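Here is a friendly note to go with your first look at this structure. Have it open beside you as you read through the points.

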Amino acid sequence: MSDTILSIAGLTKVYSGGTKALDNVDLDIREGEIFALLGPNGAGKTTLIGAVCGLVRPTSGTITAFGSDLSRNWRRARGRIGLVPQELSTDMFETVERAVAFSRGLFGKPADKARIEEVLRSLSLWDKRKSEIRELSGGMKRRLLIAKALAHEPDLLFLDEPTAGVDVELRKGMWEQVSALRERGVTIILTTHYIEEAELMADRVGIIRGGRILMVDDKDAMMQRLGTTEANIALATPLKQLPAAIAEFPVTLSDDGRILCYRGGDGTGSGSAQVAALTKALIAHGIDYTSLDVADSSLEDIFVDLVTRKEEPA
């Protein structure tokens with residue numbers, strides 16, 4: 001899974017009004033991985049996808065897919081890329097089967113009823129193949145978007161907020177479908193507001209803000225490097241100040257002296273070990289406590305910290 005399937009270098013997009021949607025973006029995507037691109041609204045996620053899929057003309061920079069420069073060999077490379085957009089834009093009176101078959105034909109692929117059936121069955125849409133799109137539920141329309149993107153058998157698939165507005169049960173079903181696609185060798189780039197999706201499925205995570213990539217790393221490595229442990233210790237008797245031995249830990253005391261707050265560690269388990277050492281130190285100094293609440297930071301905590309801090313991460 002080390003081969004690069006998509007390479008983006010110095011990609012910048014400035015719209016006519018002066019808005020810089022992408023600012024010198026560098027990004028490499030590995031073949032066979034699930035890559036999650038996280039960022040707040042307006043961060044540049046959809047513009048980045050649009051640039052790769054030929055929907056947005058970059059101001060500068062290069063995009064290389066499957067070894068070809070998209071500015072020179074766009075049509076050939078684009079035939080190997082699938083896009084599941086946020087919104088369904090198609091004839092609502094078209095049937096499901098014909099809509100998916102039409103999407104396949106758009107990329108010059110010959111008619112293949114067996115392929116269409118395979119895609120529709122994999123997405124639990126086969127029973128609705130003769131139904132008009134307007135008759136489908138919201139969840140079925142979302143699955144239809146995926147079916148249309150898969151019709152021409154892409155090697156690289158973009159999912160732009162694929163589960164936005166979808167209920168929890170259907171969202172889990174779509175996670176399973178995405179995992180199945182990866183098992184079949186499809187490389188997937190996912191943008192999402194639901195960070196648990198990235199935490200559950202992604203191999204690597206990229207965080208974008210203001211059109212700039214703040215960080216790209218393996219998900220587990222990112223959580224180890226930036227993750228922290230937080231603990232709130234309710235003291236049996238309020239303290240006015242901390243003994244020097246306790247103050248050496250990364251702790252703060254609440255204004256009323258009743259809660260000792262710890263924040264430290266690096267996501268590798270060192271935080272939990274330090275909390276254990278802290279509690280032993282409290283007991284050694286005759287400081288009793290009535291409760292201990294410990295939690296490790298999630299990918300969402302890391303994401304929020306990165307996109308809200310003023311300075312860039314090192």
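Is glutamate 230 buried, partly exposed or exposed? Its relative accessible area is 40%, so glutamate 230 is partly exposed; buried means under 20% relative accessible area, exposed over 50%, and partly exposed in between, with a 1.4 Å probe and protein chains only.

1. A word on the model. This is a predicted model, in which local features need pLDDT of at least 70 and side-chain atom pairs count only at pLDDT 80 or more, while totals for chains, interfaces and linings use all residues. Residues are numbered from 1 along each chain as its sequence is written, and side-chain values use heavy atoms, with hydrogens and water left out.

2. The overall picture. The protein chain has 11 helices and 14 strands; helices (H or I, at least four residues) and strands (E, at least two) are DSSP runs, numbered from the N terminus. Of the 314 residues in the protein chain, 46% are buried. Contact means heavy atoms within 4.5 Å. Among contacts in the protein chain between residues at least 6 apart in sequence, 70% join residues at least 24 apart.

3. Back to glutamate 230. This residue forms a salt bridge with arginine 263, with 2.2 Å between the closest N and O atoms. Here a salt bridge is a side-chain nitrogen of Lys or Arg within 4 Å of a carboxyl oxygen of Asp or Glu. The pair links distant parts of the chain, since arginine 263 belongs to strand 13 (residues 259-264) and glutamate 230 to strand 11 (residues 229-235), 33 residues apart. Arginine 263 is partly exposed too, at 48% relative accessible area.

4. Other salt bridges. The count comes to 13 salt bridges. One of them joins glutamate 97 and lysine 130, at 2.8 Å from N to O. Glutamate 97 lies in helix 3 (residues 96-106) and lysine 130 in the loop between helix 4 (113-122) and helix 5 (138-150), so this pair ties together parts 33 residues apart in sequence. Glutamate 97 is partly exposed at 21% relative accessibility, whereas lysine 130 is exposed at 60%.

5. A pair within one helix. Arginine 121 and glutamate 117 form a salt bridge, their closest N and O atoms being 2.8 Å apart. What separates them along the helix? They are 4 residues apart in helix 4, so about one helical turn lies between them. Arginine 121 is partly exposed at 47% relative accessibility, and glutamate 117 is partly exposed at 28%.

6. Charges over rings. Arginine 80 lies over the face of phenylalanine 66, 3.9 Å from the ring centre. The charged end of arginine 129 sits over the ring of tryptophan 126, at 4.0 Å from its centre. The rule for a charge over a ring is that NZ of Lys or CZ of Arg is within 6 Å of the ring centre and within 35 degrees of the ring normal.

7. Two helices together. Helix 3 and helix 5 pack at an angle of about 35 degrees, and their axes are 7 Å apart; axes are lines fitted to C-alpha atoms, for helices over the stretch in contact, and angles run from 0 to 180 degrees between N-to-C directions. Val96, Ala99, Val100 and Ser103 of helix 3 make the contact with Leu144, Ala147 and Lys148 of helix 5.

8. One more place to look. Alanine 247 is in helix 9 (residues 244-247) and is partly exposed at 45% relative accessibility.
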